[in-house]
Amino acid sequence: MIKKMLQSDLVFSFVRDISAITGAVLLVIFVICALFAPVLAPMDPYDLTTVELADSLKPPAWMDTGSLSFPLGTDDQGRGILSTILFGLRTSLMVGFSVVVISSVLGIFFGMLGGFYGGILDAFIMRTADTVFAFSTTLLAILLLGIFDSRNIWTVVFAICIAGWVKYARTIRGSVLEVKENAYVTAAKASGAKDFRILFKHVLPNALPPIFVLMAVDLAVVIMLEATLSFLGVGVPITEPSLGMMISIGKNYIYAGMWWMVLFPGLTLILLVVAINLFSDWLRDEMNPKLALRS
Amino acid sequence: MVLLAVSFICFLIFRFTGDPVLMLAGKYATQQEREQVRVAYGLDRPFHLQYVSFLGNALQGNFGKSYISQVDALDTILERFPATFELALTAIFISMAAGVLLGVVVSIRPQSPLSRLIMAGSLGGISIPTFLMGILWVMLFAVYLEWLPPFGRGDTIQIGPWRTGFLTLEGLKHLIMPALTLSGYQLAVLLRLTRAGMREVLSEEYIKTAWSKGLSPFTVIVKHALRNVLIPVVTIAGLSFGELIAFSIVTESIFQWPGMGNLLLVSIFENDHPVIVTYIMLAACIILVINILVDLLYAWLNPKIQYG
């Protein structure tokens, strides 16, 4: 099984594509950093017993007043930048992966429902989708979170999912409409297979490749969106670590020349997104769906 | 239809998130005072009657008063409209002009160092979130180089109901960074779209014919090729208008731009629901109008499509 996998075209093209490997390696490093943040981080930035206000606003270790216990400096509360970044990565990746999984499942469900059965159900789903789409994911997420009274990681995930399932539904619906006409689906119907069986055994597997690409592209978009929401103050609450929040706090100090509070989390975020984009670019070329655009 | 649905959802938000009575009467009101407020604002009537009156008022442009400032919500937002409009217009102009121009350059000479630089830049454009891009601009141009003012709108001139920043030097200087920030993402997207379209079109037969006729490069590229590429570019630019509004919220928050987006964020923090709801309705209207315009433009650019 594994041997067969290693000989496949997909693996073959992967090991020959240097930027895909770079992206994947970076991504794996980020995931490991996030998973083992409590072990790797010099301190727990959200444990009040270890945070000293006296340590606040320290520059990175290599600068004059920096100290070795805070390699990348500290923020206004005395939290180490490096530690907060590691914990912030957890939030980013957790929100990113949860949203991608949940919204793709939602999108696949509604897309298949609409595409397979057609009629008024399809019309209703697709008109809803059009409306959500016209508003754009970002705007809808901001507005949704704006009207929620309390916010935590899961309300953020919920809001982005509500705004984000549409892309998946549209893509899968297109594939279902295409696949539905094939002779093997007609054959399955003729042989008396249940709708459920046809959908999951015959239609879904053939409609999946573009969904994988979309998920990869979407992961980068969602991570940026989470950072944006947290930056605006409608994302994760102050009690949770988040790259967007760090940048938002650091923004107030750039005029005082304290660049490290913005630059390090910013660079982490950019690297993370670039890594995902490099990987998804390769995936897209490989699976070659009709996805011309990110939405 | 869409507007009706949006209005219904807005009404639900209006009615069921947070208790409006608590908002209006204040935390320390007695039970009797609360009852008075409930009757005064018609909140004691049945649900469907409330919705009908909400809809009727909304059609007349009456969305109620801001809980915080007690000023008409629509007026509050419309007062901020010129600032946002000028910012958005400039950003669209930059992203369309630069995106298409650079896209053409890259597609003509795909292997030149300049093209590689542009493509690397465009990868950055889609990989750096708007808010970070804005802060990086501020760090570079306002803090490090001290060339441009970091926030605000500068001097403005009032012309009738419209307050414009286009006519003063200070106003223009204040516009540069926010406009660049807002246009960044769309610029990168349009650039990539133009490049992809041009690469496809340039290898077609009729372009080869045009070259072999000895037409000037300008005529071939602009008149023959670009024209066909522009259709999807214009469509995408129009359809991503919702995204533009969203990013204008982000941009305005970074640069303290006195526009609608900033107002929305303040209203969110203050739980000022009438203003939020008005903003949502207004955004829905704008997006709907833009979508219709794009459809019409599409038909005009491509005579094959007709609306009967």
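**Exercise 1.** In which hand of crossing does α9(B) pass α10(B)?

*Solution.* This is a predicted model, in which local features need pLDDT of at least 70, side-chain atom pairs count only at pLDDT 80 or more, and totals for chains, interfaces and linings use all residues. Residues are numbered from 1 along each chain as its sequence is written, and chains are lettered from A and ligands numbered from 1 in the order in which they are written.

Step 1: find the helices, which are DSSP runs of H or I with at least four residues, numbered from the N terminus. Take α9(B) at residues 205-212 and α10(B) at residues 217-239.

Step 2: compare the axes (lines fitted to C-alpha atoms over the stretch in contact, with angles from 0 to 180 degrees between N-to-C directions). They come within 10 Å and cross at roughly 155 degrees. That makes α9(B) roughly antiparallel to α10(B) (angles over 145 degrees count so).

Step 3: read the hand. The crossing of α9(B) past α10(B) is right-handed (the near helix is turned clockwise from the far one by less than a right angle).

**Exercise 2.** Identify which residues of α9(B) and α10(B) meet.

*Solution.* Contact requires C-beta atoms, placed from the backbone, within 7 Å. From α9(B) come B:Tyr206, B:Ile207, B:Ala210 and B:Trp211; from α10(B), B:Val220, B:His224 and B:Ala225.

**Exercise 3.** Describe the side of chain B that touches chain A.

*Solution.* First, count: the contact takes 35 residues from chain B and 32 residues from chain A.

Notes:
Two residues are in contact if their C-beta atoms, placed from the backbone, lie within 7 Å. Helices (H or I, at least four residues) and strands (E, at least two) are DSSP runs, numbered from the N terminus. Angles under 35 degrees count as roughly parallel, over 145 as roughly antiparallel, 65 to 115 as roughly perpendicular and the rest as oblique.
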